[in-house]
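Please look at the sequence and the structure shown here, and then follow the explanation below with both of them in view.

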Amino acid sequence: MSEQILIIGAGSGIGYGLVQHYLQQGKAVQAISRNACPAALLQTKVNWLQLDVAAADAAEDAAEAAINKIVAQAVTAKPTTIFICHGWLHDNQHGPEKTLRQLTAAQMHKSFAVNVLQPAMYLKALFGYLTKQPQVKVLVLSAKVGSISDNQLGGWYSYRLSKAAVNMLVKTSSIELGRYNKTAALVSLHPGTTDTALSAPFQTNLPSGQLQTATATAERLAAVASGLNPELSGKLLNWDGTVLPF
Ligand SMILES: NC(=O)c1ccc[n+]([C@@H]2O[C@H](COP(=O)([O-])OP(=O)(O)OC[C@H]3O[C@@H](n4cnc5c(N)ncnc54)[C@H](OP(=O)(O)O)[C@@H]3O)[C@@H](O)[C@H]2O)c1
């Protein structure tokens, strides 16, 4: 049987790039998204599962039950590589805060809802499966700006805070998972600057060569996934597989 891949947050940007990458490699892909399956994928080996849970409601009973149900469906295929791709940085009302004076509760709530709460509830739903599946690998997309020791520039308060929190979520869950499954690897992963809706307003003045297409990033992240081992569990990894400081 071909290797089974699960991409959660598969509907846009890097998540969608990963779906396309693995399908091109001939893998069987399970995808979970708020969005319907893109027309381009209708005739492929993807099993597209749609669930639109508002990020802020992810820990409410009904939303959690819906997440549990869709994850239970997805893991019947026994995926051994799982990506969680949720992330939010800005919208029409909010841009990353340059100063503490711009911080608002609304932006902090939304940032934590998408960047922490959603991945946390999906990890919780997956946990029973992860404790039992040999050699399972889980990669949660985070960001280098969530590294506290690497922070030289300041700014981007809500995003930085939420990414530092998701790194701690991954570290803490990896310790618990390791008690049950010594062959599992659970990491957070900085994908590198990638041309998606999330990074679109911040692409000017980037050093040449830094901006990657979603296709190139997916290729790099899949290489990190295939080289992942349990000794790396709990770490924050860069797009090239090197370990970044927390
Ligand atoms: N692009 C970059 O340069 C860059 C750099 C560093 C880190 N990252 C991280 O990489 C991950 C993927 O980012 P991306 O660039 O692919 O972003 P994107 O194109 O904006 O995609 C957003 C992702 O978040 C999911 N999502 C779930 N609930 C959401 C909500 N309420 N609002 C918005 N999105 C929601 C989407 O899943 P569905 O639409 O399928 O539900 C999708 O997977 C994120 O964790 C991001 O922080 C990206």
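Predicted model: local features only at pLDDT ≥ 70, side-chain atom pairs only at ≥ 80, totals over all residues.

Two packed helices are described by the angle between their axes and the distance between the axes. We can begin with helix 3, which covers residues 105-132, and helix 4, which covers residues 157-180; they pack at an angle of about 10 degrees, and their axes are 9 Å apart. Because angles under 35 degrees count as roughly parallel, helix 3 is roughly parallel to helix 4. The crossing of these two helices is right-handed. On the side of helix 3, the residues that take part in the contact include Phe112, Val116, Leu123 and Phe127, while those on the side of helix 4 include Tyr159, Lys163, Val166 and Leu169. Sorted by class, the contact of helix 3 with helix 4 has 15 nonpolar, 7 polar and 2 charged residues.

Helix 3 also packs with helix 2, which is made of residues 61-75; here the axes come within 9 Å and cross at roughly 45 degrees. That angle makes helix 2 oblique to helix 3, and the crossing of helix 2 with helix 3 is right-handed. In this contact, Glu64, Ile67, Asn68, Ile70, Val71 and Val75 of helix 2 meet Met121, Tyr122, Lys124, Ala125, Leu126 and Tyr129 of helix 3. By class, the residues of the contact divide into 9 nonpolar, 1 polar and 2 charged.

The last stop is the backbone of two loops. Most residues other than glycine have a negative phi. Gln135, however, which is not a glycine, has a positive phi of about 55 degrees, and this residue lies in the loop between helix 3 and strand 5. Trp156, in the loop between strand 5 and helix 4, is also a residue other than glycine with a positive phi, near 50 degrees.

Methods: Residues numbered from 1 in each chain as written. Heavy atoms only, no water. Axes fitted to C-alpha atoms, helices over the stretch in contact; angles between N-to-C directions. Helix = DSSP H or I, 4+ residues; strand = E, 2+ residues; numbered from the N terminus. Parallel < 35°, antiparallel > 145°, perpendicular 65-115°, else oblique. Left-handed = near helix turned anticlockwise from the far one by under 90°. Contact = heavy atoms within 4.5 Å. Nonpolar A, V, L, I, M, F, W, Y, C, P; charged D, E, K, R; others polar.
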